Amino acid sequence: MTDEYYMNLALREAERAFEEDEIPVGAIVVLQNKVIARGYNMTEKLNDPTAHAEIIALTSAFSHLGGKYVPDATLYVTVEPCVMCAGALYWSKIGRVVWGADDEKNGFQRLHAPVSPFHPKTALTNGILSHECAALMKAFFRNKR
């Protein structure tokens, strides 16, 4: 399976968020070519500002595996993780993080920190289906204006 294949699955989660009037971010966790967890933003539904797609997916993965670390897993998320999610991903020791669209306003990269907020062993890949991921976000916010 390719990064594009898995990002399309994350996009489906983002579309669920869109349909529920949540900011459309979706995430999946993949281990050994199997999706073991899914999540999408639920901050409005749960009245919880920490209920981001990445957090929901990580929590589900931990539950599935019965442990708090996922060093051999990959998280696919449609939008660049925020600082909070980058911190959660750091503590999970996840092996790889792949995102679609950059988030210039709220993404972790806006910090311009000299050190990555991710675990030193975490590999990062960005720009996978970035146009599709960004288009969903733009459509959501266009509908809000």
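Analyst: What follows goes from the helix to the core and then to the pocket.

This is a predicted model, in which local features need pLDDT of at least 70 and side-chain atom pairs count only at pLDDT 80 or more, while totals for chains, interfaces and linings use all residues. Residues are numbered from 1 along each chain as its sequence is written, and side-chain values use heavy atoms, with hydrogens and water left out.

Helices (H or I, at least four residues) and strands (E, at least two) are DSSP runs, numbered from the N terminus. The helix in question is H4 (83-92), whose buried residues are Cys85, Ala86, Leu89 and Ser92; buried here means under 20% relative accessible area, with exposed over 50% and partly exposed in between, for a 1.4 Å probe and protein chains only. Seen down the axis of H4, these residues fall within an arc of 120 degrees, so they line one face of the helix, the arc being that of the directions from the helix axis to the C-beta atoms. They pack against H3, E3 and E4, where contact means heavy atoms within 4.5 Å. Just after H4, Lys93 takes a positive phi of about 60 degrees.

A nonpolar core is a set of buried Ala, Val, Leu, Ile, Met, Phe, Trp, Tyr and Cys residues joined through side-chain atoms within 4.5 Å. The largest one has 23 residues, and those with the most contacts inside it are Val29, Leu75, Leu89, Ile94 and Val97. Among the elements that give two or more residues to this core are strand E1 (26-31), strand E3 (74-79), helix H4 and strand E4 (96-101), while the largest share, 4 residues, comes from H3. Setting aside residues up to four places away in sequence, Val97 touches Leu75, Pro81, Leu89, Phe118, Thr122, Ala123, Leu124 and Thr125. A second, separate core of 15 residues includes Leu9, Ala101, Ile128 and Cys133.

The largest pocket has a volume of about 600 Å³. A pocket is an open set of points on a 1 Å grid over the protein atoms alone, with protein on both sides within 12 Å along at least five of seven lines, and its lining residues have an atom within 4 Å of a point; the volume is the space filled by probe spheres set on the points, which are joined across faces, edges and corners. Of the 22 lining residues, the closest to the centre are Ile23, Asp103, Asn106, Met137 and Phe141. Helix H5 (residues 130-144) gives the largest share of the lining, 4 residues.

Methods. On a 1 Å grid over the protein atoms alone, a cavity is a set of points where a 1.4 Å probe fits but cannot get out, and a pocket is an open set with protein on both sides within 12 Å along at least five of seven lines; lining residues have an atom within 4 Å of a point.
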